[in-house]
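Colleague: I am new to this one. Can we go through it feature by feature?

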Amino acid sequence: MTRRWRTATLLAAALVPLAFLLIFFVWPVAAMLAKGIGAGEALTRVLASARTWNVLWHTVWMAGAGTALSVLLGVPGAYVLYRLRFPGRRAVRALSVVPFVLPTVVVGVAFRALLGDAGPYGFLGIDKTSWAVVLAMAFFNYAVVTRTVGSLWEGLPLHDDAARTLGASPARAFFTVTLPELAPAIVSSAAIVFLFCSTAYALVRTLGTPGFGTLETEIYTQTNTFLDLEAAAIYSALQLLVVLCAVAAAGYFRSRAPLAIARRPLRRPTRGAIPALVVTGATAVFLIAAPIASLAINSLRRGGQWTLDNYRELARSTAGGTTALDALGNSLWAAALATVVSVGAGVILAVVLSRRVFSRPGKLAQAGLEGLSLMPLGISAVTLGFGTFITLRLTLENTQILVPAVQAVVALPLVTRAMLPVLRSINPRLREASATLGAGPWRTLLNVDGRMALRSLGVAIGFGFAVALGEFGATSFLAAGQNQTLPLLIERLINRPGAGNYGMAMAASTVLGVVTGGIMALCDSLGGATPGVALATRPSHARSAPRASAERSAPLGSATAKERQSDDRAS
């Protein structure tokens, strides 16, 4: 295949995900911004209102407090889980990741069970308060800090050991040597956590919308209660500004984080590690395990007795015109369709973005397409849902396709990023060898890229389905009545009075959490440890080691720096 024909093929393939993003992402968001900017009188009224600034401050305050707590607990956790060797380390690491897999509405209901009057932490008296939201934010984002900081910490050079050899105390070595090296990763993870906290719409709604609420809850109120679409558009613009600031900060500090050279051997815990061990153990038990256990226990209790009535009534009792089983069916149907769309578009994007382009216009187009595919990560789902509401929902007769479409938009960046690093690490000479042996372009794509990306494809399917199944923000603007999904039904139940509604919310949340976690685990095991995965994975130290060392240590199937440079010159 000639280079011109290959470029035309990549361009034609890229048109499919590009058209999807333009219709279901760019148009709704641009229409929302235009409506907010063009509403001059409404803009003056909203910005002059004291409530607007109270809502903005409450949003930033809760996000900042959730970020601070996540970092304070996550940094010791990163040290314990990535630098120390002790029995049960893998189990604790797996437990720390569980909250990030759960749908946010399940997390909110779990903390209602934990902090309610009858819950283990009911004596704190913080149920339906801002502090309940802050704790839930820390629960949800703990893994972000531990994985981001820990991945760097386990590969840092032995500078702290050198400082200890020169007479520095453990505390001084940490604060003067290790902490400055970790600072970019800590700040980058904090910016990412702030982004997630400022868009924790489902958490805030499920926990009772305390205080002034957030910008996202105000968008929903202005749309569904006051029918003031112009004010909602202005609040969406403010929300977008907050999110873009967090995205810019995360990108800035991530680019300044040092690269890990090689994994250092784990250490046995010493006396100096006791404080970090205590903090991590307490976090694992009282912040992570306790809400999950409370949710499961409360789903089996009603009126102080053990019973399965909460689960039985999921098929009988209705809320908002549908039963929980019907809502689960709606969720599974929408999530399955969204997964098909997001994985299909994500595979095309990953293939197009992983191919080497040599012309400057081609490189610019490739960079622009990658940036566009990642933009849904930086846009609130509420903003996307509201934009879709004022554009597509008000113009289409059949709106049932909108829920899977917006769920696919939300899942697309994660699906693409799950496969793109693997495809980019494949040595281009493997494809050239396949073509030399007579394989056509499609056969080369299947035999080389397909085999090596098989496991990442399973992870991508799991991410896509889990994100779509638990999506709440955009869906809350588009699904109603008999078409509502299970997360929407759970939010209705948990905020209604009555022990029956409370019990059904617990049972429905447990079902949603089990289904999501089970599908993630199943898809993660899809493909197994295929040879292609080992070939496609390039060790992190090959990027920073000297060229000769990189050439010696690079496994078969990975391209060393020297090979890539020679390929570029030949091309």
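Modeller: Start with accessibility. Buried means under 20% relative accessible area, exposed means over 50%, and partly exposed lies in between (1.4 Å probe, protein chains only). At 67% relative accessibility, L227 therefore counts as exposed.

Colleague: What should I know about the model and its numbering?

Modeller: This is a predicted model: local features need pLDDT of at least 70, side-chain atom pairs count only at pLDDT 80 or more, and totals for chains, interfaces and linings use all residues. Residues are numbered from 1 along each chain as its sequence is written, and side-chain values use heavy atoms, with hydrogens and water left out.

Colleague: Where does L227 lie, and between which helices?

Modeller: Helices (H or I, at least four residues) and strands (E, at least two) are DSSP runs, numbered from the N terminus. L227 sits in the loop between α10 and α11 (229-254). Its phi is positive, about 55 degrees, although L227 is not a glycine.

Colleague: What is the phi of T209?

Modeller: Near 50 degrees, again a positive value in a residue other than glycine. T209 is in the loop between α9 (201-206) and α10 (215-224). At 29% relative accessibility, T209 counts as partly exposed.

Colleague: How many residues of α10 are buried?

Modeller: Seven of its ten, so α10 is mostly covered. Among them are L215, E216 and I219.

Colleague: Why is α5 called largely enclosed?

Modeller: Because eleven of its twelve residues are buried. They include V105, G108, F111 and R112.

Colleague: What span should α5 have?

Modeller: The expected span is 1.5 Å times one less than the number of residues. For α5 (residues 104-115) that gives 16 Å, and its end C-alpha atoms are 16 Å apart, which agrees.
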